[in-house]
Amino acid sequence: MKTVNSPTDYLSNDINVSVTDIAGGISYDRSTDEKYMKKALQQAKKAAKIGEVPIGCVIVYEDKIIGRGYNRRKKDKNTLSHAELIAIRKASRVMGDWRLEGCTMYVTLEPCQMCAGAIVQARMDRVVIAAMSPKSGCAGSILNLLQMDEFNHRVEITTGVLEKECSSFLSNFFVDLRKRLKAENVTGETGMVLENEAE
Ligand SMILES: [Zn+2]
């Protein structure tokens, strides 16, 4: 049986090498979490390079990355092309199973409802999040789909890992994009779309 833990916010703790989750008694190494979040951020940078909202994700099993993904929604013209779903597809291929038990997902932005649903469906053990998304996140912001008592699986959540780095990368992306569009004199509807996507 899986232990359900409440989110551990690194920002509210002193900077220590490891964080012990009181509810589960499980300790996670902060430097390991940061190491893999950096890999997720590298994925987000790939998305930025092709003009996509920069969100990146890696999935780790037994200290090995088995799936990577970055947002490619515009490029693929497909709403299913979120970083998390791409990484889940790849990890499932490596595991040879739809179940991703024993796996941890590292993602630069709190998952949306679609991805949070897929994470529960995949029976992922744990999700580590850099920045929260107050207007779209479903790992505690709007809803916490990852830890609903009513579902048959609950996911451990750790938040705030490399939060500053990941959220400033995301907001800088939008600042640059706005500047570029302004320079190109693009206004009106496109501007509105950007506002919505930033949320
Ligand atoms: Zn998503």
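**Briefing: strand 6 and its surroundings**

5 bridges join strand 6 to strand 7 (residues 126-131), and the two strands run parallel. Strands pair when DSSP finds at least two bridges between them. The model is predicted: local features need pLDDT of at least 70, side-chain atom pairs count only at pLDDT 80 or more, and totals for chains, interfaces and linings use all residues. Residues are numbered from 1 along each chain as its sequence is written.

**Overall make-up**

- The chain has 6 helices and 8 strands. Both are DSSP runs numbered from the N terminus: helices are H or I with at least four residues, strands are E with at least two.
- Starting at the N terminus, the order of elements is β-β-β-α-β-β-α-α-β-α-β-β-α-α.
- Of the 199 residues in the chain, 36% are buried. Buried means that 20 or more other C-beta atoms lie within 10 Å of the residue's own; exposed means 12 or fewer, and partly exposed is in between, with C-beta atoms placed from the backbone.
- Among contacts in the chain with a separation of 6 or more, 53% link residues 24 or more positions apart. A contact requires C-beta atoms, placed from the backbone, to lie within 7 Å.

**Strand 6 and its partners**

- Strand 4 (residues 56-61) pairs with strand 6 in the antiparallel sense, over 5 bridges. Y61 has C103 of strand 6 as its bridge partner.
- On the strand 7 side, I129 stands opposite V107.
- A right-handed β-α-β unit is formed by strand 6, helix 4 (residues 113-121) and strand 7. Right-handed means that, with the strands pointing away from the viewer, the path from the first strand over the helix to the second runs clockwise.

**Helix 1 against helix 5**

- Two packed helices are described by the angle between their axes and the distance between the axes.
- For helix 1 (residues 30-49) and helix 5 (residues 163-183), the axes come within 11 Å and cross at roughly 5 degrees. Helix 1 is therefore roughly parallel to helix 5.
- Helix 1 makes this contact with L41, A44 and A48, and helix 5 makes it with E165, C166, F169 and F173.
- The contact of helix 1 with helix 5 has 6 nonpolar, no polar and 1 charged residues.
- Axes here are lines fitted to C-alpha atoms, for helices over the stretch in contact, with angles from 0 to 180 degrees between N-to-C directions. Angles under 35 degrees count as roughly parallel, over 145 as roughly antiparallel, 65 to 115 as roughly perpendicular and the rest as oblique.

**I65 in strand 5**

- I65 sits in strand 5 (residues 64-70).
- I65 counts as partly exposed because it has 17 C-beta neighbours inside 10 Å.
- Leaving aside neighbours within four places in sequence, I65 contacts K39, V58 and V60.
- Y36 is 29 residues from I65 along the chain, and their C-alpha atoms are separated by 8.4 Å.

**Positive phi outside glycine**

- D63 is not a glycine, yet it has a positive phi of about 60 degrees. D63 lies in the loop between strand 4 and strand 5. D63 is exposed, with 9 other C-beta atoms within 10 Å.
- K77 also is not a glycine, and its positive phi is about 50 degrees. The loop between helix 2 (73-76) and helix 3 (83-95) holds K77. With 8 C-beta neighbours inside 10 Å, K77 counts as exposed.

Technical notes: Contact = placed C-beta atoms within 7 Å. Nonpolar A, V, L, I, M, F, W, Y, C, P; charged D, E, K, R; others polar.
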